[in-house]
Amino acid sequence: SSGINAEYGDAEFDTLIGHLQDVVIEDGFQDLQDKFLNEHCDEFEDEEENKLIYTDIYNQYISTLEGYIADRMMELCPNFKMSALLELIQSRPEEVDLDLFETLTSLADFSMFKETMINYKSQRDCQFYNFPSLLVTSLAGGLPKH
């Protein structure tokens with residue numbers, strides 16, 4: 001993957017990552033992700049076996065969120081390519097914010113996606129049963145860290 005690093009110097013990489021961080025913390029992205037997780041997390045169980053429906057939901061997740069990111073990034077960087085970006089990030093993970101890295105990895109890695117779904121479901125259920133008032137708080141900061 002030396003080609004991708006040659007294509008993007010440090011300054012371009014930093015600019016891209018900066019734009020990307022802006023995009024994934026936007027209300028539009030957060031709302032989209034939150035709505036998607038909320039609509040589909042009930043299908044997921046915390047067990048080894050994966051149901052067939054997981055694949056369909058995962059593919060929808062990828063197209064929904066990657067589509068949003070790609071559209072916004074192309075507005076910010078006209079030559080933007082999602083595949084190049086994911087490759088670039090995987091080649092320089094230490095230079096990427098952890099939350100951002102996890103969000104993007106959930107688009108490229110099914111097990112990470114499944115974990116995100118299960119964590120979201122348990123957080124939501126826990127908040128719902130124990131603290132109904134927490135439901136109205138913003139998830140803009142993502143889910144609590146464990």
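Helices here are DSSP runs of H or I with at least four residues, strands are E runs of at least two, and both are numbered from the N terminus. With that settled, Phe113 is found in helix 7. I'll come back to Phe113.

First, the ground rules. This is a predicted model, where local features need pLDDT of at least 70, side-chain atom pairs count only at pLDDT 80 or more, and totals for chains, interfaces and linings use all residues. Residues are numbered from 1 along each chain as its sequence is written, and side-chain values use heavy atoms, with hydrogens and water left out.

Now the overall picture. The chain has 7 helices and 0 strands. Read from the N terminus, the order is α-α-α-α-α-α-α. There are 146 residues, and 35% of them count as buried. Buried means under 20% relative accessible area, exposed means over 50%, and partly exposed is in between, with a 1.4 Å probe and protein chains only. The accessible surface is about 8,600 Å², and carbon and sulfur atoms hold 52% of that. Those areas come from the Shrake-Rupley method with a 1.4 Å probe; for residues, only the protein chains shown count as cover.

On to contacts, meaning heavy atoms within 4.5 Å. Take the contacts between residues at least 6 apart in sequence: 75% of them join residues at least 24 apart.

How far can we trust it? pLDDT is the predictor's confidence in each residue, from 0 to 100. The chain's mean is 81, and 81% of its residues reach 70 or more. Confidence is highest in helix 3, at 94, and lowest in helix 1, residues 2–7, at a mean of 50. Residues 1–5 have pLDDT below 50, and that stretch makes 8 contacts in the model beyond near neighbours in sequence. Residues 132–146 are also below 50, with 14 such contacts. Where pLDDT is low, the predicted coordinates should not be read in detail.

Next, helix packing. Axes are lines fitted to C-alpha atoms, for helices over the stretch in contact, and angles run from 0 to 180 degrees between N-to-C directions. Under 35 degrees is roughly parallel, over 145 roughly antiparallel, 65 to 115 roughly perpendicular, and the rest oblique.

How do helix 3 and helix 4 run relative to each other? Helix 3 covers residues 27–40, helix 4 covers residues 52–76, and their axes come within 10 Å and cross at roughly 170°. So the pair is roughly antiparallel. Helix 3 brings Gly28, Phe29, Leu32, Gln33, Phe36, Leu37 and His40 to the contact, and helix 4 brings Ile57, Gln60, Tyr61, Thr64, Leu65, Tyr68 and Ile69. By class, that is 9 nonpolar, 5 polar and no charged residues. For the classes, Ala, Val, Leu, Ile, Met, Phe, Trp, Tyr, Cys and Pro are nonpolar; Asp, Glu, Lys and Arg are charged; the others, Gly among them, are polar.

Helix 2 against helix 3 is the other pair I'll show. Their axes come within 4 Å and cross at roughly 55°. The two are therefore oblique to each other. Val23, Val24 and Ile25 of helix 2 meet Asp27, Phe29 and Gln30 of helix 3. That contact has 4 nonpolar, 1 polar and 1 charged residues.

Beyond four places in sequence, Phe113 contacts Phe44, Tyr54, Ile57, Tyr58, Tyr61 and Ser106. Its C-alpha is 9.2 Å from that of Glu102, 11 residues apart along the chain.

Ile118 sits in helix 7, residues 110–130. At 14% relative accessibility, Ile118 is buried. Leaving out residues up to four places away, Ile118 touches Phe44, Glu45 and Asp46. Glu47 is 71 residues from Ile118 in sequence, and 9.8 Å away C-alpha to C-alpha.

Last, Asp14, in helix 2, residues 10–25. Asp14 is at 48% relative accessibility, so it counts as partly exposed. The C-alpha atoms of Asp14 and Val96 are 9.2 Å apart, across 82 residues of chain.
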